[in-house]
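Visitor: Could you take me through a single part of this protein in detail, and then through whatever surrounds that part? I would like one connected account, with the criteria behind each term spelled out.

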Amino acid sequence: YAFASLDMLPGWDSMIGLQFENLVINNVNDLLPRLHFDGVPVLSAVPYVKHGKRLADGSREPGLQIDLLVQSRKSVCIVEVKHQPHVGEAVEQEVAAKLKKLKVANGVSKRTALVYCGELAPVVRGNGFFDAIISSSDLLSP
C-alpha cells in the first residue's frame with residue numbers, strides 16, 4: 001500500500017474537529033476566565049444538543065447543537081469551537097441562528113464566544129459579534 005498523508009483520509013477534518021472540541025471542553029477551567037466567568041458560580045459547562053420535534057408529516061424540524069454552553073444564574077454563553085484552516089464571517093451567522101433558537105428564562109442574558117484554531121478573518125474580530133474570541137494558542141498557553 002502506498003502511504004497517504006493523514007489529512008487525506010476520509011473524515012479526517014471531522015475527526016480533528018471533534019478532538020479539538022474535546023480539548024477545549026477538557027480545558028474549560030482555563031477557558032472560563034477568558035469568557036468573563038471568573039468569580040461567577042458556573043452551573044454547567046457542557047455541550048448542548050436538542051433534537052428537533054417530529055412534525056405531522058413525519059419529518060423533523062432542525063434541532064440545536066452547541067459545542068459548549070456555559071451557564072450561570074444570570075447568563076448563558078454559547079461557545080462555538082472551530083478547527084479550520086480559515087475561520088470566516090459565516091461563523092457569525094451560524095451562532096446567530098443558535099442564539100435565536102436557544103430559549104432562556106427571563107432575566108438571563110445570552111453571550112457568545114469563539115474558540116478557534118486556524119486563521120481568523122480580521123472582519124470577525126472587527127464586527128464585534130462575539131463577546132470573547134480565543135485562539136487555541138491563547139487557551140493552551142500558561
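**A strand and its surroundings**

Guide: Seven of the nine residues of β2 are buried, so this strand is largely enclosed by the rest of the structure; buried here means under 20% relative accessible area, exposed means over 50%, and partly exposed lies in between, with a 1.4 Å probe and protein chains only. The model is a predicted one, in which local features need pLDDT of at least 70 and side-chain atom pairs count only at pLDDT 80 or more, while totals for chains, interfaces and linings use all residues. Residues are numbered from 1 along each chain as its sequence is written, and side-chain values use heavy atoms, with hydrogens and water left out.

The strand belongs to an open sheet of five strands in the order β1-β2-β3-β4-β5, with mixed pairing. β1 (42-50) and β5 (132-135) stand at the edges with a single partner strand each, so one side of each is left without a neighbour in the sheet. Neighbouring strands of this sheet are turned by 25° against each other on average, direction ignored. Helices (H or I, at least four residues) and strands (E, at least two) are DSSP runs, numbered from the N terminus, and two strands pair if DSSP finds at least two bridges between them. Axes are lines fitted to C-alpha atoms, for helices over the stretch in contact, and angles run from 0 to 180 degrees between N-to-C directions.

On one side, β2 pairs with β1 in the antiparallel sense over seven bridges, and Val42 has Ser72 in β2 as its bridge partner. On the other, four bridges join β2 (residues 64-72) to β3 (residues 75-87), again running antiparallel, and these two strands form a hairpin with two residues between them. Within that pairing, Leu69 stands opposite Ile78 in β3.

Helix α3 (residues 90-101) lies across β2, β3 and β4 (109-120), and runs at about 155° to β3. Lys98 is found in this helix and, with a relative accessible area of 11%, is buried. Leaving aside residues up to four places away in sequence, Lys98 touches Leu64, Gln65, Ile66, Ile78 and Glu80, where contact means heavy atoms within 4.5 Å. Ala96 also lies in helix α3, but Ala96 is partly exposed, at a relative accessible area of 32%.

The structure holds one aromatic pair: the rings of Phe129 and Phe130 have their centres 5.0 Å apart and their planes at 90°, so the pair is edge-to-face. Rings of Phe, Tyr and Trp (its six-membered ring) pair if their centres lie within 6.5 Å, and planes under 30 degrees apart count as stacked, over 60 as edge-to-face and the rest as tilted. Phe129 is partly exposed, with a relative accessible area of 26%, whereas Phe130 counts as buried at 8% relative accessibility.

Turning to the cysteines, the structure holds zero disulfides, a disulfide being a pair of cysteine sulfur atoms within 2.5 Å. The sulfur of Cys117 is 19 Å from the closest cysteine sulfur, in Cys77, which is too far for a bond. Cys77 counts as buried at 2% relative accessibility, while Cys117 is partly exposed, with a relative accessible area of 23%.
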